[in-house]
Amino acid sequence: MSITATELSVVNYRSFDEHVLSLSPHVTVLVGRNAVGKTNLVEGLQLLTAGSSFRKPSPSELLRAGASTGRARLSLAGDGRALEMGLELADGKRAFTRNGKRTTAAGVRGVLPSVLFCPDDLDMVKRSASVRRAALDSFGVQLNAQYAKLLSAYERTVEQRNSLLRDCPAPELLEAWDESLAATGAQLLMHRRALLARIRMHFVDVYRVIAPHEEPDVAYESTIGELGEGREEISSQFLGALHERRTDEVRRGLTLVGPHRDEISFTIDGRSARDFGSQGQQRSIVLAWKIAEVEVTRDILGRPPLLLLDDVMSELDATRREAIMGFVAQEVQTVITTTNLGYFLDEVLGGAKVVRVGSID
């Protein structure tokens, strides 16, 4: 049995003084003019399922203007249990809760993972490599607690090593940090590669449905070279790459190789989608990626995630809207925001819960 989100309630959160949103186990459509708070509600759902928000807000930004405290609650049900995830905002800080007890962001992740698709994602292919790395990592940390720990440990090690590089370190001290970086980085690379392989299987199939006459692919390009098979081999490759770039790294005070500099590349018919893909092709890639994330979640956890579609219908053409709504029909709990119900077929709206947010002109 799947776990579903049943109700989101907020107090002094973003634009809302108080609001309760009851959710359908299938499709909930939030319709309203721009700037009435639809995206704020989607962000609340993401915070209480993924433990983070695509906006990366400070605690004060989550509070309603003029308020000193605020909160958000998300009720979940399924698998014979009921849960409540919470977010408390006070004194310029935020704290997560689970069934009323204080926890960390990791404590709310993984119970009901969420996949968000918003207009900013449509530029994922043509933006910098950091955006694509973040897309893979933010998905990975929801599915695997070890992934989250490795990513955090690796990022801290890179920061500390960069600080050391800027201080013109003694060679023996830098070598010790190299060992630590290579060991943690090798494990992170193995997790990334395995996750991307899972995504790729579904990504290719979904894209072919959207564009039957095109051949898509996605690959991981590591700055340490073609990756070996085992952790020890990859760690050894990492150390070799660090040694080769040592002079440049000391001169620039930066770690120049490793997972934090790697690329995730998309191709169509063997050509770079970033350099040669049309806008339509690039958007099809992102759509296929998001649907693949849903399928991978189902593969790993045995249940689908919560799918959040924030104002993307206006950015997609009719063919791509039809593709994503056809997928939504496959027993995926979905929350969609829109300013125009005309983007949806009658049969979709007939089976959806439509919630009007704010006033509708």
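Colleague: Which element gives the most to the lining of the largest pocket?
Modeller: That's α4, with ten residues. Helices here are DSSP runs of H or I, at least four residues, and strands are E runs of at least two, numbered from the N terminus. This is a predicted model, where local features need pLDDT of at least 70 and side-chain atom pairs need 80 or more, while totals for chains, interfaces and linings use all residues. Residues are numbered from 1 along each chain as its sequence is written, and side-chain values use heavy atoms, leaving out hydrogens and water.

Colleague: What volume does the largest pocket have?
Modeller: About 1,200 Å³, as the space filled by probe spheres set on grid points joined across faces, edges and corners. A pocket is an open set of points on a 1 Å grid where a 1.4 Å probe fits, with protein on both sides within 12 Å along at least five of seven lines; lining residues have an atom within 4 Å of a point.

Colleague: Which residues are closest to its centre?
Modeller: Of the 41 lining residues, F54, K56, A134, A135 and S138.

Colleague: And which other elements line that pocket with two or more residues?
Modeller: Besides α4 (129-143), there are α1 (38-50), β8, α5 (145-166) and α10.

Colleague: Switching to the sheet, what's the strand order?
Modeller: β8-β12-β13-β3-β14, five strands in an open sheet with parallel pairing; strands pair if DSSP finds at least two bridges between them. The edges are β8 (114-117) and β14 (353-356), each pairing on one side only.

Colleague: How many bridges join β3 and β14?
Modeller: Four, with β3 covering residues 27-31. V31 sits opposite R356 in β14.

Colleague: What about the second largest pocket's volume?
Modeller: About 320 Å³. P25, H26, V328, E331 and V332 are closest to its centre, out of 20 lining residues.
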